[in-house]
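I opened the notebook with two things to look up: one residue and its surroundings, then the interface between two chains.

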Amino acid sequence: MATYRQELKSRFATLGIIVVVVLTALLVRLWTMQVLNGESFAAQAENNRVREISIDAPRGEIYDRNGVALVTNRSALAVCVDPSDDDVRDMIIRAQDSDSANDPTRHETEELFGEFASMVGVTPSDVLTAISDVSQEALRPRVVAIDVPGDVVAQLLERQTDFPWVVVEETSVREYPYGSLGAHVIGYTGAISEAEYEQSDEYAGYELGDIVGKTGAERQFEGVLQGDKGWRRIEVNASGKSQGVVSEQEPRAGNDIQLTLDIEAQRVAEEQLADAIAEARRQGYASAKAGAAVVVDITTGEVIAMASAPSYDPSAFLGGISTAEWASLTAKESEYPLNNRAIMAAYPPASTFKVVTAIAGLEAGITTENTTYTCTGRWTDMGTQWPKWCWKRAGGHGTLSLRSGMKNSCDTVFYEIGYEFYKRKLEELQAQSRAFGLGSETGIDLPGEVDGRVPDAAWKKAFNENYPEYQMWLPGDTVNMAIGQGDMLATPLQMACLYAGIANDGTVMKPYVLKSVLDSEGQPTRTTQPSVLHDTTVSDASLAVITRALIDVTEEGTGAGAFAGFRVNVAGKTGTAEVKGKDDYAWFCAYAPANEPRYAVAVIVEQGGHGGSVTGPAARNILAQLLGEPLKTIRTTDQSR
Amino acid sequence: MIRKSRSRRFLDAVNVPLVLWSLALIGYGTIMVASATSGMSGGSGMLLRHAVGIGVGLVPLALAWAFDYTRLRGWQGPLIALAAFLLISPRIPGLGYEAGGATSWLSVFGVRLFQPSEPAKLIFIVVVASVISSFKGRIDEPRDALKVMAYLSGAVGLILLQPDLGTGLVFVAITFIMLIAGGMKGRYFLVMLLVAAVGLVGIVAVDSSLDKLFDRDVALKEYQLNRLLVFIDPARDPDDAGYNLAQSKIAIGSGGLAGKGLGSGTQSNLHFIPERHTDFIFSVLGEELGFLGAVTLLGLYLALLITALAIATSSRDLYGALIAAGVLGMWLFQILENIGMTVGMMPITGIPLPFMSFGSSAMVTNLGAIGLLLSVWSRRYGT
């Protein structure tokens, strides 16, 4: 007994050592965690318990050049569903589950959301879609409906026990005091797409679900209009349920902007465009549905009005656009109302292009103001097997000068000039076109602009890469181009800028729509300075000839009917573009006052017939509005091209 | 016969340090349970249940103290039968109660009574002490070692039926400590450690292949395996086992030196920590009372364990010494495992922290263990 008692002592000493080692190990571990790394764990604990929810900043407002509000914000009540409610959470988790067998059934959705959905005017499945949107921040209440009537909101709040997950939030939405007026320039807003989010600057701090500008100025000046988000730190428990607000930071609204648009001129431009379309249809052009009108300030490049038809109501996008509405806005049958045809569509400029042919001819010395031409209606200089026709086929215009050729829009005169250019092989007509900015984007501060086309030998070869037989530049190509047909394409804005350049002694100003960015006091912090887009070398003499010829057009020529009785001199040109398989497109381009030019205007109606009778009257009334002349309904005829 | 003074006789019967340390621990535990349950629904009811557990525990304490432990040697057969019954009972239809994936509770008519594996630990200690003491302080024959292993395997096998991995490990730890006290040779010990390690890996391997074969959890549940594996690779199951561990570490670590104050533990009170009043009570303590609170607890445990060791040393026979060593082994392992898991040193298994965790079965068992120690102490001079 004594021996193992001795042994016991050493064994118990071993046990004592084990006890001390175990407790020391724990002690060291705790020292490391609590004393050495305590701060980092404390920071983790803080993060763990506080979640941040961002608060959207109101977007900057948009004003016209005179300070008239075009886009403002108003507060609206948004009925939301709180994702942290247990029942809702369960639905969200199941709806987002990859295993579709676990999806909430129609019956379950109806049971939970049915009554609520019918109260706010949506379907239970709309509610399920809204709450299971994975792109939304986990704790952000899911917006189900905006602008719910006050009595419905009151009922919802009274019945909080029935709908514990309903949250009513005040939100800020766009308001359009002038409805759809200026919609194409202003643009619309919508939830940021995944692609936009991926491409956005991370410092811009976008989150999925944010409202951003989608088109127009809303998109172009997104960085200015979008404010700085605020945040709300919410204490949450382990299951993510909110326990209250810890702190919050108010959002900072975006900057307001002032556009160069004059809302009254814009209104007239849109009305006149619509009237022109209606007039075209009255004249039998049943396919006339779309068009554009644009007015620029000749000396600055400011866009005073920019209309595109058909148009749309930007308020349709508030709180998310329905699939059906979106489908109708993007359908071919509706003529793509979202497109801003003033910059996004390029058309053959037809006779409105004859000014370029004339200028190029004068500059090249192949014509003068009084050079005479003979028009028989049929032109066969390229060979009798390649006859070309003047629009006045029967008998032609007889003998006429360049100036009267312009006045009467005689094609033969410009065929002759074009053919001369072809023979010189110097592509001077193309060069002059480009000198005035055709064939390239104007660089206007709006998204989506296209560049149009100035065809030349190199272009034709490349364009017909796979069709060697069509690659050669032929005499007819230059001849067609001389009357603005063939492969020539220009946007209405480019044409307005061309006429503005002629009026502005050959200097084309860069068009723009952002007049200035305003600070919180409404004072301009940044104002766009006018800049020269193209400075041509066209002589004053040549420009004077053109101006005289264009005045003839509105006083005695193809545009005379439209401008009858107009007290201000207008330099303008009609155009009737032939588009294969379609009715003719009606053009009218002008600047006024002719002797002291201020505004240049371009109007087009797709498949609208003749410029003199359809778009000419529209241009007249737009200029009348800008120059303080009375507006008049004009019915006239024009058979020119 | 010398008449002893009153105080002398009292000290013969009562080990004052043991009573003091255990009272201090029970008090400390009650405070922590109160803090941990304060924000819970029915929190005050839980504190009452905790107090009831302490009160009920006084019964086995008194019984074990009054009973001469040496007479337990004659009850070996019935004790083994009782322990076996206790360990099997949850699996008997109508008696088991499933909670948290394991059927480790005993219930009658659907009323949850207690976790039979808790008192089974004490019976196991008494039975194995009797077996080892029969080797007279030397375990140098393989046969003797195998005999002990047979008892252990039987017990662990029955526990894994429930399955309750943590409690199984407690039985292993108890056995190892008692073998050290009982004179097992060093090299045997190494062999056994090796066998245990291989056995553990083997169990996991066989279990997972059986699971695959039968396409269901045969013995260990998947979450139990995950708990073990998450200890090696915390990213394995961050939502569940890994989540608990991460939250627990954040809570304890953020407690810093002095803690956030009782009732002010943001992690625990914000419900980040699951089972915070039972298995994870130390996370609450670490967060609210910081390193100082943790050191105080470890100090109390050190005192308690050294006292138990002193009682073992004072025992008049090897049997009593082994019982005391078994109790020490039980407490030491549970302290290591419970605190260790909350700080990421040990795998996560559901084992209560002695005297601290909420839970009547464990409290009653621990008070019964105190009773056993007092019984050994009060009979150290023989009769």
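Predicted model: local features only at pLDDT ≥ 70, side-chain atom pairs only at ≥ 80, totals over all residues.

Entry 1. Setting aside neighbours within four places in sequence, I found Ser130(B) in contact with Arg73(B), Gln76(B) and Tyr319(B). I then checked where Ser130(B) sits: it belongs to helix 5 of chain B, residues 117-133.

Is Ser130(B) buried or exposed? Its relative accessibility is 10%. Buried means under 20%, so I noted Ser130(B) as buried.

Entry 2. I turned to the interface of chain A and chain B. I noted 37 residues of chain A in contact with 53 residues of chain B. The buried area between chain A and chain B is about 3,700 Å². Carbon and sulfur atoms give 74% of that area.

Entry 3. Next I looked for polar links. How many salt bridges cross the interface of chain A and chain B? The rule finds 0. For polar contacts, I noted 5 residue pairs between chain A and chain B, both residues at pLDDT 80 or more.

Entry 4. I listed the elements of chain A that give two or more residues to the side touching chain B. They are helix 1 (2-36), helix 2 (38-49) and strand 8 (230-236). Helix 1 of chain A gives the largest share, 24 residues. By type, the residues on this side of chain A divide into 22 nonpolar, 9 polar and 6 charged.

Definitions and conventions:
Residues numbered from 1 in each chain as written. Chains lettered and ligands numbered in written order. Heavy atoms only, no water. Contact = heavy atoms within 4.5 Å. Buried area = accessible area lost by both parts, 1.4 Å probe. Salt bridge = Lys/Arg side-chain N within 4 Å of Asp/Glu carboxyl O. Polar contact = N/O pair within 3.5 Å; in protein donor to acceptor, adjacent residues only side chain to side chain. Helix = DSSP H or I, 4+ residues; strand = E, 2+ residues; numbered from the N terminus. Nonpolar A, V, L, I, M, F, W, Y, C, P; charged D, E, K, R; others polar. Buried < 20%, exposed > 50% of the residue type's maximum accessible area, 1.4 Å probe, protein only.
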